[in-house]
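Keep the sequence and the 3D view side by side.

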Amino acid sequence: MNTPVYILGGYQTDFAKAWARNGQDISDMTREGTLGTLQAAGVDAAEIESIHVGNAFGEMQRQQAHLGAMVAQVVPELWGVPAMRHEGACASSSLGVLSAMAEIEAGRYGCALVLGVEEFKNLSGNEASVNQNAAAWQGHEGFDCTFMWPAVFGRVAMEYESRYGLDRQYLNRIAEINYGNARRNPLAQTRTWTFQPEDFTDDDVANPVIEPGTRRRDCGQITDGACGLVLASAEFAQAHARRTGRRLEDIPRISGWGHRNAGLRLQDKFDRSQGQTYVFPHLRQALEDAWKRAGVPGVDAMDGIETHDCFTTTEYAAIDHLGLTPPGQSWQAVEDGTIAPGGRCPVNMSGGLIGCGHPVGATGARMVLDAARQVTGQAGDCQIEGAKRLQTLNIGGSCATVVSFVVERG
């Protein structure tokens, strides 16, 4: 069993906001994210003993590094608190959560702030796209393309097609579900977007091919944003509960975690998994590690999932690796409604990266926050009725960095 770490509260900025258009930048996101998180958790700045910032592309997008120290710069009440920055592509703030947990479990600190933050809208979409290529193995992926990540995850679709067969109607349906979920999320980037039925088909005009294997609606939505969490030890959480009139059992906790890595290059992953049960065995291992540490048998113990859907193919792969279907049969969970609202195991009630938005460095923390809101009945119109336990799955690059958390209450 894993030593639980408690989530005292968290805060997410509006993922529809383009900060540069308001004369603001990543420092303003950091300030709002930090102050909002402290307020939501009911914790004073003086109680924060450690700070972990997740960010992937600050140097490229804003020529701004050293973001651990940015927190104290814009929130002077945190001056002097030890801080560090974590980079693991799209899993950056999940690494921040892991590091904060390790400090708490080791007894170094009782209360830590984790903040994920990313700015993209200050540059053109094409410039931001090129910057994101840094999460691949530059010059070594072995294929030509205009847009790296649509090409990479198009190749994941092709790999599934080659191994098991793949009907694109199920990828289109995943996109439709996630955009639909986002309409109920007041912080989602796409909550006001409108679509026509043909947008979720293989219509070359309404849903054009971006790279082989990937169409427009398959793509997650890069955006600006910050998301923070206050994590605490059982001792700190118990004292906090007494002070705020809560019960410890009502505070969400991270009961299990898994973290695995593979190499950067996509084709190497495909080559190494030939003849194996799963396309990404290390992804499955991360999920199994999280279940083992949480003391649960598997995905059947979950009331819902917040998973990485930088593309519909990423979610399609997550479905069978989670065990919602046999390997290669992810279509079944789409067809029978398992992953839809009201289904056996709803996936991405937040809207996911496709609907809610994907400020890369903030996504892992956002998943944990949405899981915590679900298990405490605070997810509003996105709520899964009676949810007590959720799992997150956050990946960086072409499944090179994989992190999963089990979040529960009671």
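Start with Glu-306. Its relative accessibility is 2%, so Glu-306 counts as buried. The model is predicted. Arg-366 is buried as well, with a relative accessible area of 0%. The side chains of Glu-306 and Arg-366 form a salt bridge, at 2.8 Å from N to O. Glu-306 belongs to strand S9 (residues 304-307) and Arg-366 to helix H14 (residues 363-375), so the bridge ties together parts that are 60 residues apart in sequence.

Glu-306 also touches Asn-348. Asn-348 sits in the loop between helix H12 (331-335) and helix H13 (352-355). With 0% relative accessibility, Asn-348 counts as buried. Beyond its neighbours within four places in sequence, Asn-348 contacts residues including Asn-178, Asn-181, Thr-307 and Glu-315. From Asn-348 to Ala-371 is 23 residues in sequence and 9.7 Å in space, C-alpha to C-alpha.

Now turn to Glu-118, in strand S4. Glu-118 is buried yet has no salt bridge. Which side chain of opposite charge is nearest to Glu-118? That is Arg-85, 6.3 Å away. A salt bridge needs nitrogen and oxygen within 4 Å. The side chain of Glu-118 does reach backbone: the nitrogen of Ala-56 at 2.9 Å, and the nitrogen of Phe-57 at 2.9 Å. Leaving out residues up to four places away in sequence, Glu-118 touches Met-29, Thr-223, Asp-224 and Pro-359, among others.

Arg-85 has a salt bridge with Glu-59, at 3.0 Å from N to O. Glu-59 lies in helix H2 (residues 58-62) and Arg-85 in strand S3, so this pair ties together parts that are 26 residues apart in sequence. Glu-59 is partly exposed, with a relative accessible area of 37%. Arg-85 is partly exposed too, with 23%.

In H3 (residues 67-74), 6 of the 8 residues are buried, so the helix is largely enclosed by the rest of the structure. The buried residues are Leu-67, Gly-68, Met-70, Val-71, Ala-72 and Val-74.

Back to salt bridges: the whole structure holds 23 of them. One of these networks links Arg-168, Asp-202, Asp-204, Arg-215 and Asp-218. Asp-199 pairs with Arg-217, their closest N and O atoms 4.0 Å apart. Both Asp-199 and Arg-217 are buried.

How values were computed:
Residues numbered from 1 in each chain as written. Predicted model: local features only at pLDDT ≥ 70, side-chain atom pairs only at ≥ 80, totals over all residues. Heavy atoms only, no water. Buried < 20%, exposed > 50% of the residue type's maximum accessible area, 1.4 Å probe, protein only. Helix = DSSP H or I, 4+ residues; strand = E, 2+ residues; numbered from the N terminus. Lys, Arg positive; Asp, Glu negative; His and termini not counted. Polar contact = N/O pair within 3.5 Å; in protein donor to acceptor, adjacent residues only side chain to side chain. Contact = heavy atoms within 4.5 Å.
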